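Visitor: I would like to learn how to read helix packing in a model. Please take it step by step.

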Amino acid sequence: MKVKATLIGFSAILMWSLLALFTAASGTMPPFQLSAICFSIGSLPGIVVLALKPERLALLKQPAKVWVVGIAGLFGYHFLYFTALRNAPAVEAGLIAYLWPLFIVVGSALLPGERLRWYHIAGALCGLAGTILIVARNGVEFDDAYTLGYCAALACAFTWSGYSLLTRRFDAVSTDVVTGFCLATAALSFLCHLGLEATVWPETATQWLAVAGLGLLPVGAAFYAWDYGVKNGNIQILGVASYAAPVLSTLVLVLFGFAEPSWRIALACLFVTGGAVLAAKDVIFRDRAEAAQAAE
């Protein structure tokens, strides 16, 4: 059960690796407008399930703290991320924001039934090194003038890691509530769009398809999969495996001609893969031992 849930959680990471590709292909729509539309689309699978099984509507009745954590996690992360990108260079902001997998691995030691080992931290740092190779490929230079953006990026990392860890504590809460989180995030993003941005619509069918892809996968199904994975799977392995997202994202961009291949990508893949294997060694060796015992 735990391995299956971990794999479902990892599918969210695979979907997030498509985020850059779909975003690049979606045109010039402002971020909060894009967020509002994508989260609206992302809520549709949950709405369909609730429409087909209305008895599951009762599962949406949850304590206020569940809704606060869920909405703060999804909307708060994106609000802070967009704020960081508006007030700091994308490379530095992205690098700081992508500390969240490391925070998940370290913070998992505080969860009931979890124990943090040296190889979890080593695997997370190895994954971080691979991420730095990708995100900081053109160099990193921190400037005091961008303090607001840096602080927003750091808050962004704490927000998503905190959401993921707290979600684990709500393991009895059905993943159906993610539908409500998406709807609330769409509504709040729409309000931010009205107050902060000018409306820009996609100009081609390809751009509309990219927006639909964003809503269905990285800003839709991925959040349902991640919710299930962190509640029922190995959260430490998922934290380390999350570093694969920027590497896979870059590989996808290369495949579709939006980026050029380089030695950095190959080296980053080695770091991320090695870190994930190191962090997951308990699971790997346990499965081998169980298979050996079964063979005997």
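Visitor: Which hand does the crossing of helix 7 and helix 9 have?

Guide: The crossing of helix 7 and helix 9 is right-handed. A crossing is left-handed if the near helix is turned anticlockwise from the far one by less than a right angle, and right-handed if clockwise. Helices here are DSSP runs of H or I with at least four residues, strands are runs of E with at least two, and both are numbered from the N terminus. This is a predicted model, where local features need pLDDT of at least 70, side-chain atom pairs count only at pLDDT 80 or more, and totals for chains, interfaces and linings use all residues. Residues are numbered from 1 along each chain as its sequence is written, and side-chain values use heavy atoms, with hydrogens and water left out.

Visitor: How is such a pair described in general?

Guide: Two packed helices are described by the angle between their axes and the distance between the axes. The axes are lines fitted to C-alpha atoms, for helices over the stretch in contact, and angles run from 0 to 180 degrees between N-to-C directions. Here the axes of helix 7 (residues 100–107) and helix 9 (residues 147–169) come within 8 Å and cross at roughly 45°. That makes helix 7 oblique to helix 9; under 35 degrees counts as roughly parallel, over 145 as roughly antiparallel, 65 to 115 as roughly perpendicular and the rest as oblique.

Visitor: At what angle do helix 3 and helix 10 cross?

Guide: The axes of helix 3 (residues 31–42) and helix 10 (residues 177–196) cross at roughly 160° and come within 8 Å. Helix 3 is therefore roughly antiparallel to helix 10. Their crossing is left-handed.

Visitor: Is tyrosine 243 buried or exposed?

Guide: Buried means under 20% relative accessible area, exposed over 50%, and partly exposed in between (1.4 Å probe, protein chains only). Tyrosine 243 has 0% relative accessibility, so it counts as buried. Tyrosine 243 sits in the loop between helix 12 (235–241) and helix 13 (244–255). Its contacts, leaving out residues up to four places away in sequence, include Tyr98, Leu102, Leu128 and Val272.

Visitor: How many helices and strands does the protein have?

Guide: The protein has 15 helices and zero strands. Of its 296 residues, 49% count as buried.

Methods. Contact = heavy atoms within 4.5 Å.
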